[in-house]
Each structure stands twice: as structure tokens, then as C-alpha cells.
Amino acid sequence: MELQYYFYLFIIGTLLYFCIIIFAIIRMDPDYFIRDKSVKPTRTNHPYLWWVVKLIKNIIGIGLVIVGFLMLVLPGQGVLTIFMGLLFMDFPGKRKLEISLTHRPGIQKIIDEIRLKANRPPIKWT
């Protein structure tokens with residue numbers, strides 16, 4: 001494959017990636033960072049489906065982390081991909097990591113601007 005095709009794939013992948021991130025920010029509940037996460041969602045309706053979704057989500061997360069580490073040496077958004085992979089996975093301390101990364105003033109400003117342009121209420125940070 002010629003080098004120009006890799007470049008086009010990189011551009012398309014980056015644009016698609018940013019569209020997914022913006023979509024996730026727009027769809028996020030305004031109280032996502034302040035609600036009590038210790039209350040686990042019930043899984044009584046479809047327990048097997050809940051486990052399948054959880055397994056698929058973690059596999060996608062692990063895949064994104066691996067691809068992100070590859071992108072640290074190859075062209076691509078490596079750090080961002082690793083971060084998104086971590087957000088997909090379930091591990092102890094994940095909530096604390098989410099809050100510490102998103103409560104930076106620059107990140108909060110970007111998230112609030114994206115939501116403002118989409119006519120969504122701003123995120124409640126405290």
C-alpha cells in the first residue's frame with residue numbers, strides 16, 4: 001500500500017474519532033460527574049445481556065489501549081486513544097481518574113463549549 005493511503009486512513013480515523021468524542025460529550029448527562037456512582041445499576045432484567053455488554057466494553061477498552069500504545073510510536077492520537085480505552089474499561093480507581101482528568105479548567109471549558117454549541121445544558125462540575 002502506498003504511503004498516501006495510510007495518510008488518508010489517518011485523516012479519516014482522526015476525524016471519525018473526534019466525531020465520536022463530541023457525540024459522547026453531547027450525550028453525557030449534565031450531572032455525570034456529581035452523581036453518586038456507588039449505586040450500581042440493576043441487572044435483574046437481563047443479567048446475561050449485562051455481562052455480555054460489560055465483556056464487550058472491556059475488550060474494546062483493552063483494544064483501544066493497545067492501539068494507543070502503538071500510536072505513541074506510529075502516527076496517530078496515542079494518548080487520546082489510551083485515555084478513551086481506559087474510560088471503556090472497568091477497573092478500581094477509574095472514577096477518581098475520570099474526575100481528576102476532567103476537572104482541569106481547560107478540559108471543562110472545552111466540554112462546556114461543545115455542549116453550548118449543541119444547545120445542551122452545561123455539565124455540573126460541583
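Reader: Starting with K57, is this residue buried, exposed or partly exposed?
Author: K57 counts as partly exposed, because its relative accessibility is 28%. Buried means under 20% relative accessible area, exposed means over 50%, and partly exposed is in between (1.4 Å probe, protein chains only).

Reader: Ok, and what am I looking at here?
Author: It's a predicted model, where local features need pLDDT of at least 70 and side-chain atom pairs count only at pLDDT 80 or more, while totals for chains, interfaces and linings use all residues. Residues are numbered from 1 along each chain as its sequence is written, and side-chain values use heavy atoms, with hydrogens and water left out.

Reader: Back to K57, then. Which residue does its side chain meet in a salt bridge?
Author: That's D90, at 3.5 Å from N to O. A salt bridge here is a side-chain nitrogen of Lys or Arg within 4 Å of a carboxyl oxygen of Asp or Glu.

Reader: Where do K57 and D90 sit in the chain?
Author: K57 is in helix α2 (residues 47–73), and D90 is in the loop between α3 (78–88) and α4 (94–102). They are 33 residues apart, so to speak a link between distant parts of the chain. Helices are DSSP runs of H or I, at least four residues long, numbered from the N terminus.

Reader: And how accessible is D90?
Author: D90 is partly exposed, at 34% relative accessibility. D90 also forms a salt bridge with K94, with the closest N and O atoms 3.9 Å apart. K94 is buried, because its relative accessible area is 15%.

Reader: Which residues make up the salt-bridge network?
Author: K54, K57, D90 and K94 are linked in it.

Reader: How many salt bridges does the structure hold?
Author: It holds 4. One of them joins E98 and R95, with the closest N and O atoms 3.5 Å apart. Both residues lie in helix α4, 3 residues apart, or about one turn of the helix. E98 is buried, at 7% relative accessibility.

Reader: New topic: how far apart are the ends of α1?
Author: The end C-alpha atoms of α1 (residues 3–27) are 36 Å apart, which agrees with the 36 Å its 25 residues should span at 1.5 Å a residue. The expected span is 1.5 Å times one less than the number of residues.

Reader: Which α1 residues are buried, and what do the buried residues pack against?
Author: T14, Y17, I21 and I25 are buried. The buried residues of α1 pack against α3 and α5 (105–117).

Reader: At what angle do α1 and α3 pack?
Author: About 40°, with their axes 12 Å apart. That makes α1 oblique to α3. Axes are lines fitted to C-alpha atoms, for helices over the stretch in contact, and angles run from 0 to 180 degrees between N-to-C directions. Under 35 degrees counts as roughly parallel, over 145 as roughly antiparallel, 65 to 115 as roughly perpendicular, and the rest as oblique.

Reader: And for α1 and α5, what's the angle?
Author: About 80°, with the axes 9 Å apart. That makes α1 roughly perpendicular to α5. I22, I25 and I26 in α1 meet I111, I114 and R115 in α5, where contact means heavy atoms within 4.5 Å.

Reader: Last one: how do α3 and α4 pack?
Author: They pack at about 140°, with axes 10 Å apart. α3 and α4 are therefore oblique to each other. F83, L86, L87 and F88 of α3 make the contact with K94, L97, E98 and L101 of α4.

Technical notes
Helix = DSSP H or I, 4+ residues; strand = E, 2+ residues; numbered from the N terminus.
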